Amino acid sequence: MPISPAGPVLHGGGPHGADLVFREDDAAGRGFRSAPARTVFDVGPGRVRVRAGRRWSPGDGDRLLEALARAERCRVPVELVGRGLPLGGVLAAAAAERPWLRVRVHGPGARPHGPVDAASWRPGPAPRRVRARGAVLIAGGLGGIGLCLARELGAAGHRLVLVDRVREEDLPPERAAALALVRAAAPVKVVRADLDRIAPGPLLRSLPAPVVHLVHAAGELGLERWSRLSGAALDRAARRRGEHLRRWVRAAAAGPLSSVLLMGSSESRAAHRGFGAYALSHACARAAARDLAAEFPGVGFTVAEWTLWSGVGMAAGVAGPGLRAAGFAAVPPAWGARTAARLLGGPAGRGTAEVYALGGPRPPTTSGSVAVVGGVGGTAVLDGTEPGATLGRMLRGCLPGTGGRGAEPPQAPARTRTVRALVGPAGVRLWSSSPADWRHDGVYEALVPF
């Protein structure tokens, strides 16, 4: 959907308390720091195990393909262990395409379960952070999402640097109009650059003002089936976004860099066909943010993992009413830009990156409606005639790696209407509460184990 010149810039304010905003538990970051540096592929008699380290090394693509082929030949599951790279989504995508492949993810202190990321989430509003004044550089700044965020930050008084490989004169009309609106609100410098080739240091030193905030919103959808992926292609996918982030952060940290926001994808955690390399790219970029947070404790690092944005971005053509009616959460551009702006800035001094999953504003309250962020959580308004069917839809959406197989929710009391869900290492927690909040104070609570 094009950005209307007459539309309001939603600067300030904040998301509603019942919006689909989830924060990953801090234990994930602590576990990552204790993981070994290198991922180990243990392919032995009757066993295929992947012990995730903090880094993806050259040649790991071939080693992963060999491990998956061995698991299929021997009819044994691939076991994912360790607290390093979050490879659950990568293996989930492989299992979705390969009928003989089974995956077990071992969470800390939990029994093995289906191929979803073994993380704990908690609901809550996006924090409204105080940002240091100064220039914001957005890598991928001429994309639909980058321009939405640029407009929000420009209205807040920030000087903007928009870096993109697309030439300004080649922008489609709606994005050219959006760029004109950004320019009307703030000083803007557009830089055409290929992130794989450009040296960030000289560019940053040539700018009229030092970069204080860095947003990495560049990426490629680039979907490909596992049967056509080579080890070299996997290594390239693992390297690109994470290496981009490392080079820009290290160059910008020579100046007054205050915060970094990595725009990620919650869909990279799910079992979508063709998403293997895409999931690996996002997993390695998320790991790079954690590494950099430890390297630069004075800089605040945040990873914002989004569902599909409606109207803008790479999935603009599919994130429409039909997708929402099917129960998938979708992000309206104005809400997404406002929420992303809230996440930019702080929290410095922690030495770790905060990870959020964001599914959009407060869902509808009509009977039978479902809004789900796959592998993370969701909400459902039970249908009075078939409440079990609505609960089942939400459960299947929360477990993208298993399709909800073998996991049936217990029957909720008749007076229960709104049910929340959170995915954790042991299963999916369900509870009822008012549509206005996420408090655990309802009349119904249950755990659906994996």
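In the predicted model, strand β11 and strand β12 (residues 300–306) pair in the parallel sense, with 7 bridges between them. Within this pairing, G264 stands opposite E305 of β12. Strand β11 also pairs with strand β10 (residues 211–216), again in the parallel sense, over 4 bridges. Here V260 of β11 is the bridge partner of L214.

Strand β11 itself spans residues 259–265 and is mostly covered, 7 of its 7 residues being buried. In a regular strand, side chains alternate between the two faces of the sheet. For β11, both faces are covered. One side carries S259, L261, M263 and S265, the other V260, L262 and G264, and all of these residues are buried.

A helix contact was also examined. Helix α2 (residues 60–74) and helix α7 (residues 231–252) have axes that come within 7 Å and cross at roughly 125°. Angles over 145 degrees would count as roughly antiparallel and those from 65 to 115 as roughly perpendicular; α2 and α7 are therefore oblique to each other. Their crossing is right-handed. On the α2 side the contact is made by D60, G61, D62, L64 and L65, and on the α7 side by G231, L234 and D235. Classed by residue type, this contact of α2 with α7 comprises 3 nonpolar, 2 polar and 3 charged residues.

The loop between α2 and β4 (78–81) contains R75. This residue is not a glycine, yet R75 has a positive phi of about 55°. The relative accessibility of R75 is 43%, so R75 counts as partly exposed.

How values were computed
Residues are numbered from 1 along each chain as its sequence is written. This is a predicted model: local features need pLDDT of at least 70, side-chain atom pairs count only at pLDDT 80 or more; totals for chains, interfaces and linings use all residues. Side-chain values use heavy atoms; hydrogens and water are left out. Axes are lines fitted to C-alpha atoms, for helices over the stretch in contact, and angles run from 0 to 180 degrees between N-to-C directions. Helices (H or I, at least four residues) and strands (E, at least two) are DSSP runs, numbered from the N terminus. Angles under 35 degrees count as roughly parallel, over 145 as roughly antiparallel, 65 to 115 as roughly perpendicular and the rest as oblique. A crossing is left-handed if the near helix is turned anticlockwise from the far one by less than a right angle, and right-handed if clockwise. Contact means heavy atoms within 4.5 Å. Ala, Val, Leu, Ile, Met, Phe, Trp, Tyr, Cys and Pro count as nonpolar, Asp, Glu, Lys and Arg as charged, and the others, Gly among them, as polar. Buried means under 20% relative accessible area, exposed over 50%, partly exposed in between (1.4 Å probe, protein chains only). Two strands pair if DSSP finds at least two bridges between them.
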